[in-house]
Amino acid sequence: MDTKKITVDAEWDSQARVWTATSNDVPGLVVEAKNCDELVEELRHLVPELLSLNGNGVKPGSLPIEIRSHLEFEYA
């Protein structure tokens, strides 16, 4: 895991109309949210909890979270 930050990959699912997010840095992280604000709030709670459960010794708030997003759309 990158010791400087946690990277989360988020992708818009246009069929389900939700953002889905996963991370190679946080085993077990899978999040769905209706919008970006909701996604950030979910990550604020789940990332520290999963890191603690995975026993890696990272203290909550000690690492920044970077969200990389991917959004595809068609234009007229």
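In the predicted model, a salt bridge (a side-chain nitrogen of Lys or Arg within 4 Å of a carboxyl oxygen of Asp or Glu) joins Glu-66 to Lys-5, with the closest N and O atoms 3.4 Å apart. This pair links distant parts of the chain, 61 residues apart: Glu-66 belongs to strand S4 (residues 65-70), whereas Lys-5 lies in the segment before strand S1 (6-13). Helices (H or I, at least four residues) and strands (E, at least two) are DSSP runs, numbered from the N terminus. Glu-66 is partly exposed, at a relative accessible area of 31%, and Lys-5 is partly exposed at 29%; buried denotes under 20% relative accessible area, exposed over 50%, and partly exposed the range in between (1.4 Å probe, protein chains only).

The structure contains three salt bridges. Another is formed by the side chains of Arg-68 and Asp-9, at an N to O distance of 2.8 Å. Because Arg-68 is located in strand S4 and Asp-9 in strand S1, the pair ties together parts 59 residues apart in sequence. Arg-68 has a relative accessible area of 45% and is partly exposed; Asp-9, at 29%, is also partly exposed.

A further salt bridge connects the side chains of Arg-44 and Glu-41 (3.5 Å, N to O). These residues are three positions apart in helix H1 (residues 36-53), and are therefore separated by about one helical turn. Arg-44 counts as exposed at 55% relative accessibility, while Glu-41 is partly exposed at 40%.

Residues are numbered from 1 along each chain as its sequence is written, and side-chain values use heavy atoms, with hydrogens and water left out. As the model is predicted, local features need pLDDT of at least 70 and side-chain atom pairs count only at pLDDT 80 or more, while totals for chains, interfaces and linings use all residues.
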